[in-house]
Amino acid sequence: MSDAIAEARRALDTGDVPVAAIIVDAAGNRIAVGRNERELTHDPTAHAEIVAIRAAAEQAGTWHLENTTLVVTLEPCTMCAGAILQARIPRVVFGAWDEKAGAVGSVYDVLRDRRLPHRVEVIAGVREQECSRLLTDFFEARR
């Protein structure tokens, strides 16, 4: 999570919301990183998780990202949760809860929905206060 928090701070350079995701392999080696890039790229789908998943799939040469873990500073939204399922990522670790748009337990629980063919192990609230503070400070500065 330390690496994800450091990457999230880098998103501030582009005016993007400070959220970052890192994908690691089974040995804990970083294989991809993504930061929010919606402002930078003018792409509404450029959430940190999507950017990281695209980079990991390209690096791996496959869209099957089994035996990986996605670490992200903010609870994924429904779009990102869907991408996580499609990529077959088996584990997600996140920091701050997203009480407005979260899809991993707060508003929805897409990753563990028994009606879907794939379910994901979720580890929530890792360094939650630090991840939340990044977001709070960002939005307070914009007001």
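How many bridges join β3 to strand β4, and do these strands run parallel or antiparallel? In this predicted model, β3 and strand β4 (residues 91-96) are joined by 5 bridges and run parallel.

## Overall architecture

The protein chain holds 5 helices and 5 strands, and, read from the N terminus, its elements follow the order α-β-β-α-α-β-α-β-β-α. The radius of gyration of the protein chain is 14 Å, close to the 15 Å that the globule rule gives for 143 residues, and the chain is therefore as compact as a globular protein of that length. Along the principal axes, the C-alpha trace of the protein chain spans about 40 × 30 × 30 Å.

Of the contacts in the protein chain with a separation of 6 or more, 54% are accounted for by residues 24 or more positions apart.

## The β1-β2 hairpin

Strand β1, which covers residues 20-25, pairs in the antiparallel sense with strand β2, which covers residues 30-35, and the pairing extends over 5 bridges. Within this pairing, Ile23 has Ala32 of β2 as its bridge partner. The two strands, β1 and β2, form a hairpin with 4 residues between them, and Gly28, which lies in the turn, has a positive phi of about 90°.

## Strand β3 and its neighbours

Strand β3 comprises residues 68-74 and is mostly covered, with 7 of its 7 residues counted as buried, that is, with a relative accessible area under 20%. Strand β3 pairs with β1 as well as with β4: β1 and β3 run antiparallel and are joined by 5 bridges, whereas the 5 bridges between β3 and β4 join strands that run parallel.

Individual residues show how these pairings are placed. Val24 stands opposite Thr69 in β3, while Leu70 has Val92 in β4 as its bridge partner. In a regular strand, side chains alternate between the two faces of the sheet.

## Burial, surface and charge

Across the protein chain, 45% of the 143 residues count as buried. The chain exposes about 7600 Å², and 48% of this area is supplied by carbon and sulfur atoms.

Methods. Residues numbered from 1 in each chain as written. Predicted model: local features only at pLDDT ≥ 70, side-chain atom pairs only at ≥ 80, totals over all residues. Heavy atoms only, no water. Rg over C-alpha atoms; globule rule 2.2 N^0.38 Å. Buried < 20%, exposed > 50% of the residue type's maximum accessible area, 1.4 Å probe, protein only. Contact = heavy atoms within 4.5 Å. Areas by Shrake-Rupley, 256 points an atom, 1.4 Å probe, with all protein chains shown as cover. Pairing = 2+ DSSP bridges.
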